[in-house]
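Notebook open, structure loaded. I wanted to look up charge pairs first, then the surface and the inside.

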Amino acid sequence: MSLTAFAVVLLLMVALGTFIYFRRATTSDGGHKPPPGPIGLPLIGSLHMLGKLPHRNLYEMSRKYGPIMSLRLGLIPTIVVSSPAAAELFLKTHDTNFANRPTVQLAVEHFYGSKTMLFAEFGGYWRSVRKFCTLELLSPKKIDSMAWLRREELGFMVESLKDAARTGQVVDVSGKVAGLMEDVTCRMLLGKSGDDRFDLREVLKELTKTAGEFNVADFIPFLRALDLQGITRRTKVAGQELDKILEIIIDDHEQEASEGHGNLERDFVDVLLSLKNNPTSRRGCPGLTAPRAEHVLAIPKIRQI
């Protein structure tokens with residue numbers, strides 16, 4: 001094929017792709033016309049219109065297109081709601097129709113196919129996980145039973161502030177409070193906030209960092225295999241480290257239980273491990289299986305070893 005013929009074929013393909021894109025941009029999947037909104041560009045859609053302050057730019061667009069507008073973020077069709085009345089329609093009147101979460105690469109790669117309460121598909125499994133968390137972690141009785149733990153961690157922080165004051169050190173109060181919240185949460189979930197064998201806080205920080213990064217693959221799915229930003233690689237590395245840490249914590253809990261030295265106040269790992277030996281303790285949560293935790297924070301199916 002000559003260079004001229006190749007250029008003509010390439011031009012026709014680009015023209016056809018552009019036509020298909022604009023055709024889809026003006027017609028929804030069900031054949032109904034979507035709400036008004038900017039057409040955007042091929043491939044990237046309206047991503048370039050979000051800018052560095054997406055909330056302000058979306059507000060300006062809503063003034064032009066109305067309280068319910070449609071965008072294409074990359075290849076992902078998106079509806080933006082920007083008024084209380086419209087939000088009530090989506091979040092209250094028709095909430096079950098819009099209860100699903102978007103599929104993001106981080107959830108698929110690290111949370112075992114979106115098995116967390118945050119990313120799981122709306123349905124029986126998600127209801128079971130939510131009910132289990134409510135009963136075993138977030139109930140008033142459970143929160144009250146952990147009051148001693150919160151007082152203890154708060155006492156540790158106050159003592160560290162006193163030590164800093166005596167030596168004239170500058171204290172990052174925001175960092176101290178954030179550390180307090182992390183320590184309390186880790187002790188409620190895992191029974192410990194630190195260990196010489198691992199650095200749980202750094203691993204969680206890395207996962208949080210990758211979760212907050214803009215990932216082009218979430219908007220242009222066929223780019224996921226290329227991992228252009230290295231997010232998948234970094235997520236897998238941090239995820240493997242977190243799995244190792246959780247295995248150590250689970251082994252410690254099982255060893256303490258077998259030796260009769262279990263904690264008087266059960267943490268969330270103890271509750272999860274109790275499912276292994278007592279399936280009837282699931283309290284009406286049929287979507288949960290046991291025994292060994294595949295991911296304590298995700299509460300998915302348990303790894304068979």
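I started with R234 and E206, whose side chains meet in a salt bridge at 3.5 Å, N to O. My rule for a salt bridge is a side-chain nitrogen of Lys or Arg within 4 Å of a carboxyl oxygen of Asp or Glu. R234 sits in helix α10 and E206 in helix α9 (residues 200-212), so this pair ties together parts 28 residues apart in sequence. Helices here are DSSP runs of H or I with at least four residues, strands are E runs of at least two, and both are numbered from the N terminus. E206 is partly exposed at 26% relative accessible area; I call a residue buried under 20%, exposed over 50% and partly exposed in between (1.4 Å probe, protein chains only).

Note on the source: this is a predicted model, where local features need pLDDT of at least 70, side-chain atom pairs count only at pLDDT 80 or more, and totals for chains, interfaces and linings use all residues. Residues are numbered from 1 along each chain as its sequence is written, and side-chain values use heavy atoms, with hydrogens and water left out.

Next I checked R187, which forms a salt bridge with E152, closest N and O atoms 2.7 Å apart. That pair links distant parts of the chain, 35 residues apart: R187 is in helix α8 (residues 173-190) and E152 in helix α7 (residues 147-167). R187 is buried at 14% relative accessible area, while E152 is partly exposed at 32%. I also found E152, E153 and R187 linked in a network of salt bridges.

Then a local pair: K244 and E241 form a salt bridge, with the closest N and O atoms 3.8 Å apart. They are three residues apart in helix α10, which means about one helical turn between them. K244 is exposed at 51% and E241 partly exposed at 36%. My count of salt bridges came to 13.

Of its 305 residues, 33% count as buried.

Last, what lies inside? I searched the whole structure and got one cavity of 30 Å³ or more. A cavity is a set of points on a 1 Å grid over the protein atoms alone where a 1.4 Å probe fits but cannot get out; lining residues have an atom within 4 Å of a point. The largest cavity holds about 50 Å³ of space, the volume being that filled by probe spheres set on the points, which are joined across faces, edges and corners. Its lining includes Q105, N215, R224, D227 and T232.

Notes: On a 1 Å grid over the protein atoms alone, a cavity is a set of points where a 1.4 Å probe fits but cannot get out, and a pocket is an open set with protein on both sides within 12 Å along at least five of seven lines; lining residues have an atom within 4 Å of a point.
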